[in-house]
Amino acid sequence: MRWHGGGMESIMSAKKSNIFVRAAKAVAGYFRELKSELKKVSWPTWKQIRTNTGVVITALILLGAFIALLDLGFEFLYKSTLLK
């Protein structure tokens with residue numbers, strides 16, 4: 001409640017904006033803040049991107065080969081011990 005000119009006036013009597021208007025303002029505010037934050041990001045150079053991508057691809061290939069070798073080893077153990 002708010003004191004207004006000698007009488008009490010309910011805050012609820014003030015007109016609220018439409019739910020869609022409030023939602024649109026909230027979404028617009030979110031994207032404004034998003035744009036502001038993205039300007040602060042330290043983006044990598046193309047050379048760093050290429051180098052890091054190479055490291056990731058190499059690691060994936062090595063990990064895949066390691067898992068394949070484990071699979072072959074376990075398959076060999078399975079066939080040589082349990083299936084005899």
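Predicted model: local features only at pLDDT ≥ 70, side-chain atom pairs only at ≥ 80, totals over all residues.
Is E37 buried, partly exposed or exposed, and what is its relative accessible area? E37 counts as partly exposed, since its relative accessible area is 45%; the classes run from buried (under 20% relative accessible area) through partly exposed (in between) to exposed (over 50%), using a 1.4 Å probe and protein chains only. With that first residue placed, let us walk through the rest.

Residues are numbered from 1 along each chain as its sequence is written, and side-chain values use heavy atoms, with hydrogens and water left out.

Start with the overall layout. The protein contains two helices and two strands, and from the N terminus on their order is β-β-α-α. These elements are DSSP runs numbered from the N terminus, helices being H or I with at least four residues and strands being E with at least two. How confident is the predictor? The average pLDDT, a per-residue confidence from 0 to 100, is 86 for the protein, and 81% of the residues score at least 70. Among the elements, strand 2 (residues 7–9) has the lowest mean pLDDT, 51, whereas helix 2 (residues 46–82) has the highest, 96.

Of the 84 residues, 1% count as buried. The accessible surface comes to about 8,200 Å², and 70% of this belongs to carbon and sulfur atoms; such areas come from the Shrake-Rupley method with a 1.4 Å probe, and for residues only the protein chains shown count as cover.

On that surface you can find a nonpolar patch formed by V27, Y30, F31, L34, L38, V41 and W43, with about 710 Å² of accessible area together. Patches are made of residues with over 30% relative accessible area and no salt bridge, joining like charges within 9 Å and nonpolar side chains (Val, Leu, Ile, Met, Phe, Trp, Tyr) within 5 Å. F31 counts as partly exposed because its relative accessibility is 48%.

There is one aromatic pair. Its partners are Y30 and F31, arranged edge-to-face, with 5.3 Å centre to centre and 75 degrees between the planes. Rings of Phe, Tyr and Trp (its six-membered ring) pair if their centres lie within 6.5 Å; planes under 30 degrees apart are stacked, over 60 edge-to-face and the rest tilted. Y30 is exposed, because its relative accessible area is 52%.

Finally, there are two salt bridges, each a side-chain nitrogen of Lys or Arg within 4 Å of a carboxyl oxygen of Asp or Glu. E37, from our opening question, meets K40 at 3.2 Å, N to O, and K40 is exposed at 58% relative accessible area. E75 and K79 meet at 3.0 Å, N to O; both lie in helix 2, four residues apart, about one turn of the helix.

Methods
pLDDT = per-residue confidence, 0-100.
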